[in-house]
Amino acid sequence: MRSAVFILLSAALGTHAFNVVVNPTRAWRVSARLASKADSVTAEADFDALLESTAVPILVDFKAPWCGPCKLIEPMIDKAAGDYGDTLKVVKIDIDQAKGFTKRFALRGLPSLFMFKDGEKLDSLEGAIAQPKLDAFIKKNAPDAKKV
């Protein structure tokens, strides 16, 4: 039986993270993923301060690590965080680490996306969605948010 040695190298370059798997008997395999520019919040006090201090619209992704649909839309949320730059704030909240949000916002399903502006909730979506629906949700609730 042949044993292979695998080496994992990781590097970060700007907004991209790279994973390289090296198998000496085979070709190199490189995968790149977009590093998230979204903020994570676990304390309600931090979230309230963010709502009060942020002038741009805020897209909030309520999620959980065990949630399959949450994992499905995560790349779209990360992309939105990078695409809209300073014209839209993107925040991720893990409801397992911040259980108070579940009751506060009457979360019934995951993922749940909420849009806030000037401290007020504008709209929400629940469940896995496609990229065009996310883009329409952002455009409807944050018309001044522009892709950079």
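**What the labels rest on**

Mentor: Start with the open sheet of 5 strands, ordered β4-β6-β5-β7-β8 with mixed pairing. This is a predicted model, where local features need pLDDT of at least 70, side-chain atom pairs count only at pLDDT 80 or more, and totals for chains, interfaces and linings use all residues. Residues are numbered from 1 along each chain as its sequence is written, and side-chain values use heavy atoms, with hydrogens and water left out.

Trainee: What makes β4 and β8 edge strands?
Mentor: β4 (39–40) and β8 each have a single partner strand, so one side of each lacks a neighbour in the sheet. Strands here are DSSP E runs of at least two residues, helices are H or I runs of at least four, and both are numbered from the N terminus.

Trainee: How do you know that β5 and β7 pair?
Mentor: Pairing takes at least two DSSP bridges between two strands. β5 and β7 are joined by 5 bridges, so by that rule they are a pair, and they run antiparallel. Within it, V60 stands opposite F114 in β7.

Trainee: What makes C67 and C70 a disulfide?
Mentor: The cut-off is a pair of cysteine sulfur atoms within 2.5 Å. The sulfurs of C67 and C70 are 2.4 Å apart, so the pair qualifies. The link is right-handed, with 80° about the S-S bond, and a search of the whole structure finds 1 disulfide. C67 and C70 are both buried (under 20% relative accessible area with a 1.4 Å probe, protein chains only; exposed is over 50%, partly exposed in between).

Trainee: Why are the buried residues of α4 said to be on the same side?
Mentor: In α4 (residues 131–141) the buried ones are L134, F137, I138 and N141. They span an arc of only 95° around the axis, which puts them on the same side of α4; the arc uses the directions from the helix axis to the C-beta atoms. The face turned away from that buried side carries exposed P132, K139 and K140.

Trainee: What is called the largest nonpolar core?
Mentor: A nonpolar core is a set of buried Ala, Val, Leu, Ile, Met, Phe, Trp, Tyr and Cys residues joined through side-chain atoms within 4.5 Å. The largest has 20 residues, and F47, V60, F62, I93, F105 and F116 have the most contacts inside it. α1 (44–53), β5, β6 (89–94) and β7 each give two or more residues to this core. A second, separate core of 19 residues includes I73, A81, Y84 and A145.
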